[in-house]
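Colleague: Hi, I've got a few minutes before class. Could you walk me through this one?

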Amino acid sequence: QLQASGGGLVQPGGSLRLSCAASGLIFSIKARGWYRQAPGKQRELVAGITSDGRINYADSVKGRFTISRESTKNTVYLQMNSLKPEDTAVYYCNVVTYGGDSVWGKGTQVTVSS
């Protein structure tokens, strides 16, 4: 129901844009977010956006990453600029519904390396 795309290999300082399209029976979306998990680390919230447009970012990505959404396509994006090696991780998109369901998409690998 969630399909993430846009990951890849990029040099430090480069940019990538991740996309996450929702399909199927996903109604009453309360919030959408991007998470990431690096090897040996816990999954962490990178950026989130609520249905009323409130946005929050992890401190480590503020000023570099931007989350946005396109409601007509039921898609959320994560624009990642000034990428650093420490941004290397598997990135996951997530949807939380008003009914309390949490839906995860398959991850997409982002590797920042020279």
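This is a predicted model: local features need pLDDT of at least 70, side-chain atom pairs count only at pLDDT 80 or more; totals for chains, interfaces and linings use all residues.

Colleague: Okay, and where does Ile 55 lie?

Modeller: Ile 55 is in strand E6, which covers residues 55–57.

Colleague: Is Ile 55 buried, exposed or partly exposed?

Modeller: Ile 55 counts as partly exposed, because its relative accessibility is 41% and that class lies between under 20% for buried and over 50% for exposed.

Colleague: How far apart are the C-alpha atoms of Ile 55 and Val 90?

Modeller: They're separated by 21 Å, and along the chain the two are 35 residues apart.

Colleague: Let's zoom out. How many helices and strands are there in the protein chain?

Modeller: Zero helices and eleven strands. Read from the N terminus, the elements go β-β-β-β-β-β-β-β-β-β-β.

Colleague: How do the strands in the open sheet line up?

Modeller: Four strands form that sheet, in the order E1-E3-E8-E7, with antiparallel pairing. The edge strands are E1 (2–5) and E7 (65–70), and each of them pairs on one side only. From one strand to the next, the twist averages 15°.

Colleague: How many bridges join E3 to E8?

Modeller: Six, linking E3 (residues 16–22) with E8 (residues 75–80), and these strands run antiparallel. Across that pairing, Leu 18 stands opposite Leu 78 in E8.

Colleague: What about Thr 75, is that one buried or exposed?

Modeller: Thr 75 has 8% relative accessibility, so it counts as buried. Its place is in strand E8. Not counting residues up to four places away in sequence, Thr 75 touches Ser 19, Cys 20, Ala 21, Arg 32, Ser 68, Arg 69 and Glu 70.

Colleague: New topic, the inside. Which residues touch the most other members of the largest nonpolar core?

Modeller: That core has 28 residues, and the ones touching the most other members are Trp 34, Val 46, Phe 65, Leu 78, Met 80 and Tyr 91. Among the elements that give two or more residues to the core are E4 (29–37), E5 (44–50) and E9 (89–97).

Colleague: And what does Tyr 91 touch?

Modeller: Beyond residues up to four places away in sequence, the partners of Tyr 91 include Trp 34, Val 46, Phe 65, Leu 78 and Met 80. Gly 107 is also one of the residues that Tyr 91 touches.

Colleague: Where's Gly 107, then?

Modeller: In the loop between E10 (102–104) and E11. Gly 107 is partly exposed, with a relative accessible area of 36%. Leaving out residues up to four places away in sequence, Gly 107 touches Val 90, Tyr 91 and Tyr 92. From C-alpha to C-alpha, Gly 107 and Tyr 92 are 4.5 Å apart, though 15 residues separate them in sequence.

Colleague: Last bit, the overall shape. What radius of gyration would a compact globule have with 114 residues?

Modeller: Near 13 Å, and the protein chain has 13 Å, so the two agree. The C-alpha atoms fill a box of roughly 40 × 25 × 25 Å along the principal axes.

Colleague: And how much of the protein chain counts as buried?

Modeller: 39% of the 114 residues.

Methods
Residues are numbered from 1 along each chain as its sequence is written. Side-chain values use heavy atoms; hydrogens and water are left out. Two strands pair if DSSP finds at least two bridges between them. Axes are lines fitted to C-alpha atoms, for helices over the stretch in contact, and angles run from 0 to 180 degrees between N-to-C directions. A nonpolar core is a set of buried Ala, Val, Leu, Ile, Met, Phe, Trp, Tyr and Cys residues joined through side-chain atoms within 4.5 Å. Buried means under 20% relative accessible area, exposed over 50%, partly exposed in between (1.4 Å probe, protein chains only). Contact means heavy atoms within 4.5 Å. The radius of gyration is taken over C-alpha atoms; the globule rule is 2.2 Å times the number of residues to the power 0.38.
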